[in-house]
Amino acid sequence: MIPEQRVAQRVADKFSLKVPVDVELLARTIAEVEEDALPVNCDAVVISSSSSGKKPLIILNRDRPNTRRRFTLAHELGHLFIPWHMGTFGCHTSGAIRLGDDLYRCTEAESNRFASELLTPSSWMASVVASGMS
């Protein structure tokens with residue numbers, strides 16, 4: 001298992017999360033969550049607070065379909081929980097963004113893997129497969 005997946009497992013353990021994960025509740029527990037109009041290819045923005053005691057801010061693009069909301073929140077939580085992700089992130093759905101920055105692509109992929117593990121834990125998936133459920 002890779003580090004960002006282990007971080008997701010630790011978060012699930014710490015908050016006693018069970019499938020289906022209430023990612024909205026988790027997000028609102030550790031961050032302020034707002035919706036607003038964001039640039040066209042941006043799903044969300046997360047702003048970490050440097051002030052002691054102040055929660056980070058997750059701004060969701062209100063123009064995105066509701067079906068993306070759970071994964072987007074889990075992805076933004078990845079940026080907050082993965083210790084080596086620091087600062088402010090604007091997350092885009094399109095690969096057309098030309099930042100020329102491999103670090104950006106790497107952190108986005110790590111947050112995607114964090115979100116996948118948080119929402120569909122490997123241990124849960126293994127138990128489903130082992131049970132023979134279709």
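Mentor: Let us begin with a term: a residue is called buried when its relative accessible area is under 20%, exposed when over 50%, and partly exposed in between, with a 1.4 Å probe and protein chains only. This is a predicted model, in which local features need pLDDT of at least 70 and side-chain atom pairs count only at pLDDT 80 or more, while totals for chains, interfaces and linings use all residues. Residues are numbered from 1 along each chain as its sequence is written, and side-chain values use heavy atoms, with hydrogens and water left out.

Trainee: What makes Asp-43 and Arg-64 a salt bridge?

Mentor: The term asks for a side-chain nitrogen of Lys or Arg within 4 Å of a carboxyl oxygen of Asp or Glu. The closest N and O atoms of Asp-43 and Arg-64 are 2.5 Å apart, so the pair is a salt bridge. Asp-43 lies in strand E2 (residues 42–47) and Arg-64 in the loop between strand E3 (57–61) and H3, 21 residues apart; here helices are DSSP runs of H or I with at least four residues, and strands are runs of E with at least two, numbered from the N terminus.

Trainee: Is Asp-43 buried or exposed, and how do you know that?

Mentor: Asp-43 has a relative accessible area of 7%, which falls under the cut-off for buried, and therefore Asp-43 is buried. Asp-43 also forms a salt bridge with Arg-68, again with the closest N and O atoms 2.5 Å apart. Arg-68 sits in the loop between E3 and H3, so this pair ties together parts that are 25 residues apart in sequence.

Trainee: What makes Arg-69 count as buried?

Mentor: Its relative accessibility is 17%, under the cut-off, so Arg-69 counts as buried. The side chain of Arg-69 meets that of Glu-35 in a salt bridge of 2.7 Å, N to O, and Glu-35, with a relative accessible area of 44%, is partly exposed.
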